[in-house]
Amino acid sequence: MNNIGKNSFDLGYMDTLASGDSFLHRLDPRAKLVTTLIFIVAVVSFDKYSISALIPFFIYPIILVSLGGLPAGYLLKKVLIISPFAILVGMFNPIMDRQILMHIGSIGISGGWVSFFSIILRFLLTVTAALILISLTGFNAVCGALTKFGVPRPFVTQLLFFYRYIFVLTDEAERMVRAASFRAFSSRSVKFKVFISLIGNLLLRTLDRAERIYRAMCCRGFDGTIRIIRSMKISYREVVFILGWSALFILLRFNNVALNLGALVTGSLR
Amino acid sequence: MHMADALISPAVGGVMWAATAGLIAYSAKKVKDESDDRKVPLMGVLGAFIFAAQMINFSIPATGSSGHLGGGMILSILLGPYAAFLVMASVLIVQALFFADGGLLALGCNIFNMGFFPCFLVYPLIYRKIVGKELTQAKLMLGSLLAAVISLQLGAFSVVLETVASGISELPFRTFVLLMQPIHLAIGIVEGIVTAAVVAFVWKARPEILDSAARGVAMGKVDIKKVLLGLLVVAALTAGALSWFASSNPDGLEWAMLKTSGKEELESHETVHASLAGAQEKTAFLPDYGFKKEESRLGTSVSGFVGGALVLFLAVLFGWIFRRRKK
């Protein structure tokens with residue numbers, strides 16, 4: 001029950017992070033969006049048995065988190081508790097793929113375990129990249145970037161509107177659920193009948209709210225589009241940011257830095 | 001049933017992105033053409049409603065588990081397919097960005113699985129056909145129940161196809177289908193009952209809302225042929241472009257294609273390893289370490305582990321130093 005409040009708190013907290021002021025926060029949102037996408041594609045394009053080659057990619061989230069002054073512990077916790085789907089599906093790899101792929105000492109490691117571990121690494125990398133993007137940029141700025149990239153206006157308007165009212169409606173939902181639980185014996189979750197009338201009433205209130213908002217907007221001269229006044233500029237910093245990271249990603253994509261370094265060390269030890 | 005970045009290949013992600021982007025552009029144009037300003041705040045607020053409503057759980061009697069409202073169908077019923085698709089897409093984008101449900105690359109897959117099927121296939125072909133123009137409570141409930149079940153089945157099947165085509169997961173097609181469909185049948189029935197009950201609630205309290213939605217101005221009718229044709233063209237174009245790309249890069253699409261038979265996989269893995277071993281030999285510190293073939297694997301994996309740990313350590317160290325310097 002309490003996770004309704006927690007979820008909207010999470011959203012709000014990410015926005016608070018985005019209002020920070022660092023070199024990375026000030027960067028044009030387009031640069032950060034493009035770089036994040038390149039990063040994700042680079043990570044995902046590895047074959048499914050890659051492990052060591054993926055590890056150097058952690059440099060990107062780590063540097064962004066530390067330069068942007070983001071709370072690493074908070075982000076990590078968020079990553080660890082979410083989205084069990086990848087891990088659930090990945091769990092089958094060790095069962096299905098028992099071909100021994102490598103040995104550590106005398107213990108054989110099957111391909112399934114290797115690819116399972118690889119899935120977890122991919123998951124960590126892609127998810128943190130997305131979370132970092134939003135906590136360095138903020139949702140409204142990402143929407144601004146989308147407009148500049150030619151995403152249709154009605155859709156961007158929808159995104160902005162939707163985001164704005166998430167907070168209002170989750171608050172409303174939380175109040176309703178709290179009221180219902182105060183009047184019920186078991187407070188764990190709502191009974192079906194109560195649930196339907198809760199949702200139904202929330203829906204009716206939502207429809208009324210939409211009408212009120214529409215009238216209020218008409219009074220203020222709304223003509224179907226929301227205008228965003230925010231100047232965006234691609235200067236040399238943005239170019240350096242995109243090109244620098246992309247070059248690094250390409251380097252890491254085609255050279256297994258971890259393996260080479262390891263070979264260097266173990267080779268020299270031998 | 002959010003698809004995750006970790007499970008898809010760039011080719012699959014790219015194709016689904018293109019398809020979804022096409023659908024968004026088409027829907028946005030439709031919504032704009034309709035030029036009903038009233039719909040702008042309505043869509044936004046209904047998206048937030050779906051978001052909030054999904055956080056409320058109810059207990060399913062006698063099972064101990066809980067269910068919640070599924071979004072796509074109820075949105076289609078209230079808004080018509082085009083606006084509903086845009087709303088669904090925006091909900092999924094926020095979930096991907098803030099809660100990392102799925103991921104950015106998998107976003108195309110997710111919007112397609114949870115938006116396209118309910119809005120563009122099931123709503124016009126099932127719900128509208130059952131409910132018709134003259135509303136009755138029985139028809140409304142049957143229509144929304146069936147529609148929710150079928151759209152979830154299609155969505156789940158599409159997750160299976162995307163996962164198998166990506167070839168990251170080892171689950172064979174048959175097992176995966178047998179795993180996903182029954183689970184989502186159960187979820188679908190629960191979602192269907194909820195959708196039907198909520199629709200019935202609205203019908204009882206404010207029938208005019210559903211009446212006007214059912215009469216469906218320009219919005220209600222989907223030109224399904226156009227949508228599908230456009231989709232086909234987009235898919236063909238991107239698949240062509242991507243396979244051309246991938247052919248110069250052996251571990252992209254081909255990997256996925258070869259996935260069905262386990263053999264090629266291992267062989268190509270062999271070559272990957274061989275090239276890695278080659279790279280290792282080239283860059284090794286001491287020139288005289290001549291591993292035999294069998295041992296070189298051990299060498300590779302050991303260096304992999306050592307190197308990985310080292311790189312990770314260095315990265316964390318960098319991060320720590322940067323942070324210290326800032327303070």
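**Ground rules.** I am working with a predicted model, where local features need pLDDT of at least 70, side-chain atom pairs count only at pLDDT 80 or more, and totals for chains, interfaces and linings use all residues. Residues are numbered from 1 along each chain as its sequence is written, while chains are lettered from A and ligands numbered from 1 in the order in which they are written.

**Chain A, overall.** I looked up the secondary structure and found 13 helices and 2 strands in chain A. Helices here are DSSP runs of H or I with at least four residues, strands are runs of E with at least two, and both are numbered from the N terminus. Next I checked the extent. The C-alpha trace of chain A spans about 75 × 55 × 30 Å along its principal axes. Its radius of gyration is 24 Å, whereas a compact globule of 270 residues would have one near 18 Å. That radius is taken over C-alpha atoms, and the globule rule is 2.2 Å times the number of residues to the power 0.38.

**Chain A, inside.** I noted that 49% of the 270 residues of chain A are buried. Buried means that 20 or more other C-beta atoms, placed from the backbone, lie within 10 Å of the residue's own. I then went through helix 9 (residues 139-148) of chain A. Its buried residues are F139(A), A141(A), V142(A), C143(A), G144(A) and A145(A). After helix 9 of chain A comes G150(A), with a positive phi near 90°.

**Chain B, overall.** I recorded 12 helices and 2 strands in chain B. From the N terminus, the order is α-α-β-β-α-α-α-α-α-α-α-α-α-α. Of the 327 residues in chain B, 50% are buried.

**A helix pair in chain B.** How do helix 2 and helix 3 of chain B pack? Helix 2 (residues 39-53) and helix 3 (residues 72-79) of chain B meet at an angle of about 155°, with axes 11 Å apart. Axes are lines fitted to C-alpha atoms over the stretch in contact, and angles run from 0 to 180 degrees between N-to-C directions. The two helices of chain B are therefore roughly antiparallel, a label for angles over 145 degrees. Helix 2 of chain B supplies M43(B), L46(B) and I50(B) to the contact, and helix 3 of chain B supplies L75(B), L78(B) and L79(B). Contact means C-beta atoms, placed from the backbone, within 7 Å.

Terms used
Angles under 35 degrees count as roughly parallel, over 145 as roughly antiparallel, 65 to 115 as roughly perpendicular and the rest as oblique. Two residues are in contact if their C-beta atoms, placed from the backbone, lie within 7 Å. A residue is buried if 20 or more other C-beta atoms lie within 10 Å of its own, exposed if 12 or fewer, and partly exposed in between; C-beta atoms are placed from the backbone.
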